[in-house]
Amino acid sequence: MHRALAGFLFLSLCAAIVLAGGEAPSAAPAAATPPATAASGAGSYTVDPAKSWLGFTARQSGGDVDGRFDKFTAAITFADANLAASRFDVQIDTKSVNTQDDNRDTVLRGDDLFNSTKYPSAHFVTSAFTRKAAGQYEATGKLTIRDVTREIHLPFTFQTTQEGGKPVAWLKGSVGINRLDYGVGQGEWKDTSVAENPVRVKFELRLSPK
């Protein structure tokens with residue numbers, strides 16, 4: 001009886017304190033909630049330009065033509081644990097196209113293809129990410145070339161490792177697009193019998209955490 005009465009009085013005291021805006025006493029302190037850490041968010045990365053590249057493969061006259069862009073910037077924020085906060089924002093200098101052939105590069109920069117004077121940059125920015133498997137993902141985003149914007153789905157891999165005792169990440173992927181969808185091919189270059197319509201864009205970026 002005494003034990004039950006004591007328990008009732010203790011509960012009544014707790015209720016009175018809570019209603020008054022105070023804190024109820026407890027026999028043992030509650031476990032503290034651990035603070036959020038940076039690991040739970042998306043990390044930002046810096047691209048190592050010396051060990052990164054962004055390019056393409058096109059088909060011309062029945063053979064592959066490989067090229068790359070010598071100048072581009074990539075703002076990369078990514079974490080497997082927080083895909084919702086992840087983001088890629090890539091700007092490509094179309095004047096920097098390089099296929100190891102000066103004449104061909106001049107044509108690519110010209111009005112009928114990239115028209116680099118009027119449209120000096122191409123732009124890709126993500127809107128969502130999907131995890132496909134361990135280390136394998138797909139980015140949904142908008143690709144803009146010659147002021148034409150279309151949605152693409154970009155498969156890629158993201159792997160973290162240690163190099164020289166420092167953490168690095170490798171971001172690699174490729175996607176097929178049709179150049180004529182973006183107006184890359186005016187006049188005689190609309191004819192796909194010489195320069196085919198499909199082009200594969202590909203990249204390999206070495207990233208360092210900021």
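Start by selecting Phe156, which is buried, with a relative accessible area of 3%; buried means under 20% relative accessible area, exposed over 50% and partly exposed in between, using a 1.4 Å probe and protein chains only. The model is predicted, so local features need pLDDT of at least 70 and side-chain atom pairs count only at pLDDT 80 or more, while totals for chains, interfaces and linings use all residues. Residues are numbered from 1 along each chain as its sequence is written, and side-chain values use heavy atoms, with hydrogens and water left out.

Next, show all the aromatic rings. The whole structure holds twelve aromatic pairs; rings of Phe, Tyr and Trp (its six-membered ring) pair if their centres lie within 6.5 Å, with planes under 30 degrees apart counted as stacked, over 60 as edge-to-face and the rest as tilted.

Select Phe78 and Phe158. Their ring centres are 4.6 Å apart and their planes at 45°, so this pair is tilted. Phe78 belongs to strand S4 (residues 72-78) and Phe158 to strand S9 (residues 148-163), so the pair ties together parts 80 residues apart in sequence. Strands are DSSP runs (E, at least two residues), numbered from the N terminus. Phe78 is buried at 1% relative accessible area, and Phe158 is buried at 9%.

The ring centres of Phe88 and Phe156 are 5.2 Å apart with planes at 65°, so the pair is edge-to-face. Phe88 is in strand S5 (residues 87-93) and Phe156 in strand S9, 68 residues apart. Phe88 is buried, at 3%.

Finally, select Tyr45, Phe78, Phe88, Phe129, Tyr137, Phe156 and Phe158 together: they form one aromatic cluster.

Note on methods
Helices (H or I, at least four residues) and strands (E, at least two) are DSSP runs, numbered from the N terminus.
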